[in-house]
Amino acid sequence: MSAVTGRFAPTPSGRLHLGNLMCALIAYLSVRSEGGRFLLRVEDLDGPRCPRRLAVRAMEDLAFLGITWDEPPLFQSERTEIYQRYAGQLEARGLTYPCFCTRAQLHAAFAPNRGDLLPVYPGTCAHLTPEEAAARRLSRRPALRLRVQKETLSFTDGCQGSCSAFMPRDCGDFIIRRSDGIFAYHLAAVVDDALSGVTQVVRGRDILASTPQQLYLQRLLGFDTPAYFHIPLLEDAEGRRLAKRDRDLDLTSLSRRLTRAQILGLLAYSAGILPENQPAEMEALIRLFDWKHVRTQDARLPEGVLSPPSS
């Protein structure tokens, strides 16, 4: 097995946009530049929001760009029993508790997290007695929360540098299984990365704040910690963050007026890998790739990229 194993893990709740594809490209180039193994994981835990047709379309988009994977894609929707096994280990050790709070109650009680506005759970259900919990189960199915300790977790991110979080203040007790039975992102991602042998995680900096929870879970479950690289986000020319609802930014639209080489060059330029916006081929980008060239601040698309073709 190669010393480096990376992955791309899209959530198929919409078409991949250029920001998603830039992340996939950087993850792919990083692994292939070291002769490593590249995996694809489809994070379709929330089935109704993530139809299989969108997962297929995402795979088609990646293949169009020349991004290939070395094993059959892994679908999280098919791995519920695996996640239950690891959640059960945490429950058996007394590290979790049922949470009966409704979404409305949480929104009313949450205090925003410092800086990134992520909600931190105030511990409403943390000290329910078994009798109180049993009574509440009669009217509501609970979520399952992992109790965090009073400690600071620190790590060094390959793009963002030194990071740390005081778990009670910055993360709080967090959900590992929702009240509808769907396992949460933190648990599923940690389990899948570990069982797949992932050693390098490349993803957007908007997920940076979730890393301490994942390090915490990795330690509790006895997993190794991958190297993390939280890359900058891609914005349009006006500074608006790209989103899956922006249909002008998917490959169907772009490929009508840009070649594959032009799209690859645009993504590589936006990431900082190329000094100019020019067509590029995948093999050349693999040879050129170096993390020291990847931007650490959010990037903007060049003017005119989203303009319709002239008649």
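**Group meeting: the cores of a predicted model**

Of the 311 residues in this chain, 53% count as buried. Keep in mind that this is a predicted model. The chain has 11 helices and 14 strands. Its accessible surface comes to about 14900 Å², and 50% of that belongs to carbon and sulfur atoms.

Now the inside. Which residues have the most contacts inside the largest nonpolar core? That core has 49 residues, and the ones with the most contacts in it are L18, I26 and W291. Several elements each supply at least two of its residues: α1, β2 (37-42), α2 (52-65), β12 (227-231), α9 (251-254), α10 (260-271) and α11 (282-288). Helix α1 gives the largest share of this core, 11 residues. Apart from this core lies another one, of 34 residues, including F155, C171, I176 and Y228.

Let me take two of those residues in turn. L18 lies in helix α1, which covers residues 18-32. Is L18 buried or exposed? The cut-off for buried is under 20% relative accessible area; L18 has 0% relative accessibility, so it counts as buried. L18 is also 9.0 Å from I263, C-alpha to C-alpha, although 245 residues separate the two in sequence.

Next, W291. If we leave aside its neighbours within four places in sequence, W291 is in contact with I26, S30, C159, V202, F229 and I231.

One last figure, for the chain as a whole. Taking contacts between residues at least 6 apart in sequence, 76% join residues at least 24 apart.

Definitions and conventions:
Residues numbered from 1 in each chain as written. Predicted model: local features only at pLDDT ≥ 70, side-chain atom pairs only at ≥ 80, totals over all residues. Heavy atoms only, no water. Helix = DSSP H or I, 4+ residues; strand = E, 2+ residues; numbered from the N terminus. Buried < 20%, exposed > 50% of the residue type's maximum accessible area, 1.4 Å probe, protein only. Core = buried A, V, L, I, M, F, W, Y, C linked by side-chain atoms within 4.5 Å. Contact = heavy atoms within 4.5 Å. Areas by Shrake-Rupley, 256 points an atom, 1.4 Å probe, with all protein chains shown as cover.
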